[in-house]
Amino acid sequence: MADVDLTTDLAGIELANPVLLASGTAGYGNELAPIIDLPRLGGIILKSVTSEPRRGNPEPRIWETSSGMLNSIGLENVGIDALVDEVLPSLKDIGLPVLASIAGDTVRAFARLGAKLENAGGLAGIEVNVSCPNVERGGIQFGVDPGATKAVVMAVKENCSLPVFVKLSAAVADIARIAEAAGQAGAFGLSLINTVPGLAIDAAKRKPRLGAVTGGLSGPAIKPIALKAVWDCYRATGLPIIGGGGIYDSEDAVEFLLAGAAAVSLGSAIFQEPQRAIELVDGLPDAIRRAGAASARELVGGLRT
Ligand code: RRO
């Protein structure tokens, strides 16, 4: 039987296969290198960085619910300067495309972050995170509003020529409108979806399970939400989409391709078992064949309605 073609293309970024590690699951890349064979993946998206290093939210920061993981890391990160000066040079030989991720609390902060990445080298693109649910300023305040999303994307693009993927939240009235705004501002693509805001409670103590009270839910519970967001944004914009939310196996990945994702990102699955990413890549050819195709590209947006 002929080989299945796993290659994919994200607005000109050629990937050997469509499987990426989502921002926040792969740290700054090299942490996972001793555990899994990273070059077998399509790419990685680094943890979002801000203008200054951040210590993140009070612990506990992770809670396992019956249907997925609730996190409130609070954007703990090394800061843009350490990313550019230390992290990116250390990833020179990592052997797969790397996307950085940036998060700012003002439009100007996003602009400056973009400017610092312009000549950093070693990046295939950047994710602009306008949807973190776990910080008081910045994060989702931009991603709930088409005008604010547009302003952020334009500011980054004015300062940085790398392909921009805008990470959106599905916790909005109409994600397609936000995606359209990102597209009008010149985004190359979209990254969908961020975690969904949630709360877990310890009734006996009458206390929240997380130090920051609320968090972002990922895992199986959000897969249908994410699939719908991908489908809505694909039809509204036609932009290349990195789709993710509750992807655990190759069948899940194929569902995202059918909804319109050109690539997929793994989140909670990596926390449970990093090796799952490789198993997913290994299982893709059969899953693609079962969906009646001979290549990943041919499935993109192929949902029959
Ligand atoms: O660091 C976090 O708490 C975090 C971020 Br920046 C994000 O974009 N999404 C998420 O679930 N957690």
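This briefing describes a strand barrel, a helix packed on it and an aromatic pair. The model is predicted: local features require pLDDT of at least 70 and side-chain atom pairs pLDDT 80 or more, whereas totals for chains, interfaces and linings use all residues. Residues are numbered from 1 along each chain as its sequence is written, and side-chain values use heavy atoms, leaving out hydrogens and water.

**Barrel**
- Eight strands form a closed barrel in the order S3-S4-S7-S8-S9-S10-S15-S16, with parallel pairing.
- Strands are DSSP runs (E, at least two residues), as are helices (H or I, at least four), numbered from the N terminus; two strands pair if DSSP finds at least two bridges between them.
- From one strand to the next, the twist averages 25°.
- Strands S4 (residues 43-49) and S7 (residues 98-102) run parallel and are joined by four bridges.
- Isoleucine 44 is placed opposite valine 98 in S7.

**Helix H2 on the sheet**
- Helix H2 (residues 107-118) packs on the sheet and touches S4, S7 and strand S8 (125-129), contact being heavy atoms within 4.5 Å.
- The direction of H2 makes about 155° with that of S7; axes are lines fitted to C-alpha atoms, for helices over the stretch in contact, and angles run from 0 to 180 degrees between N-to-C directions.

**Aromatic pair**
- The structure holds one aromatic pair, defined by ring centres within 6.5 Å for Phe, Tyr and Trp (its six-membered ring), with planes under 30 degrees apart stacked, over 60 edge-to-face and the rest tilted.
- The ring centres of phenylalanine 110 and phenylalanine 142 are 5.5 Å apart and their planes stand at 85°, so the pair is edge-to-face.
- Because phenylalanine 110 lies in helix H2 and phenylalanine 142 in helix H3 (residues 140-143), the pair ties together parts 32 residues apart in sequence.
- Phenylalanine 110 is buried, at 0% relative accessible area, and phenylalanine 142 is buried at 6% (buried is under 20%, exposed over 50%, partly exposed in between; 1.4 Å probe, protein chains only).
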